[in-house]
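This report describes the fold, the salt bridges and the charged surface of one protein. The sequence and structure are shown first.

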Amino acid sequence: MTAPMGCAEAVQRLWEFLDGGLDERDRDAVDPHLALCLRCCGELAFSRELHRLLRTKTGSELPADAKVRLEQFIDDLDEAPDEEVTP
């Protein structure tokens, strides 16, 4: 049996997950974590919205203040402890 996926790995695989770039085995590993972890559920919702925005806004420049907030969010994710938060 494989160990459950942690937050860091789930977040790392999130964009591939949203793009449909994971094979069935990897999808089956990421999906349960995203379904149960409250922290990652929030990141999934944020990433889905950002993903949708980026797909629909091709060719337009991201406003400077939004870019700063996005970069800070990404930095915070990199510094966050790898803990699973469940209900």
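Among contacts in the protein between residues at least 6 apart in sequence, what percentage join residues at least 24 apart? The share is 74%, where contact means heavy atoms within 4.5 Å. The model is a predicted one: local features need pLDDT of at least 70, side-chain atom pairs count only at pLDDT 80 or more, and totals for chains, interfaces and linings use all residues. Residues are numbered from 1 along each chain as its sequence is written, and side-chain values use heavy atoms, with hydrogens and water left out.

**Fold and surface**

The protein contains five helices and zero strands, and its pattern along the sequence reads α-α-α-α-α. These elements are DSSP runs numbered from the N terminus, with helices (H or I) of at least four residues and strands (E) of at least two. Of the 87 residues, 25% are buried. Buried means under 20% relative accessible area, exposed means over 50%, and partly exposed lies in between (1.4 Å probe, protein chains only). The protein exposes about 6300 Å², of which carbon and sulfur atoms supply 54%; accessible areas come from the Shrake-Rupley method with a 1.4 Å probe, and for residues only the protein chains shown count as cover.

**Salt bridges**

A salt bridge is a side-chain nitrogen of Lys or Arg within 4 Å of a carboxyl oxygen of Asp or Glu. By this rule, the count is four.

| Pair | N to O distance |
|---|---|
| Arg 13 and Glu 16 | 2.9 Å |
| Asp 26 and Arg 13 | 3.2 Å |
| Glu 43 and Arg 39 | 3.2 Å |

Glu 43 and Arg 39 both lie in helix H4 (residues 38–56), four residues apart, about one turn of the helix. Glu 43 is buried at 7% relative accessibility, while Arg 39 counts as partly exposed at 23%. Salt bridges that share partners join Arg 13, Glu 16 and Asp 26 into one network.

Glu 16 is placed in helix H2 and is partly exposed, with a relative accessible area of 36%. Not counting residues up to four places away in sequence, Glu 16 touches Gly 21 and Leu 22. The C-alpha atoms of Glu 16 and Arg 27 are separated by 9.3 Å, the two residues being 11 apart along the chain.

Which residues are in contact with Glu 43, leaving aside its neighbours within four places in sequence? They are Val 11, Leu 14, Phe 73 and Leu 77.

**Negative surface patch**

Asp 23, Glu 24, Asp 28 and Asp 31 form a negative surface patch. Patches are made of residues with over 30% relative accessible area and no salt bridge, with like charges joined within 9 Å and nonpolar side chains (Val, Leu, Ile, Met, Phe, Trp, Tyr) within 5 Å. Asp and Glu count as negative, Lys and Arg as positive, and His and the chain ends are not counted. The place of a charge is taken as CG of Asp, CD of Glu, NZ of Lys or CZ of Arg. Asp 28, one of the patch residues, is found in helix H3 (residues 24–36).
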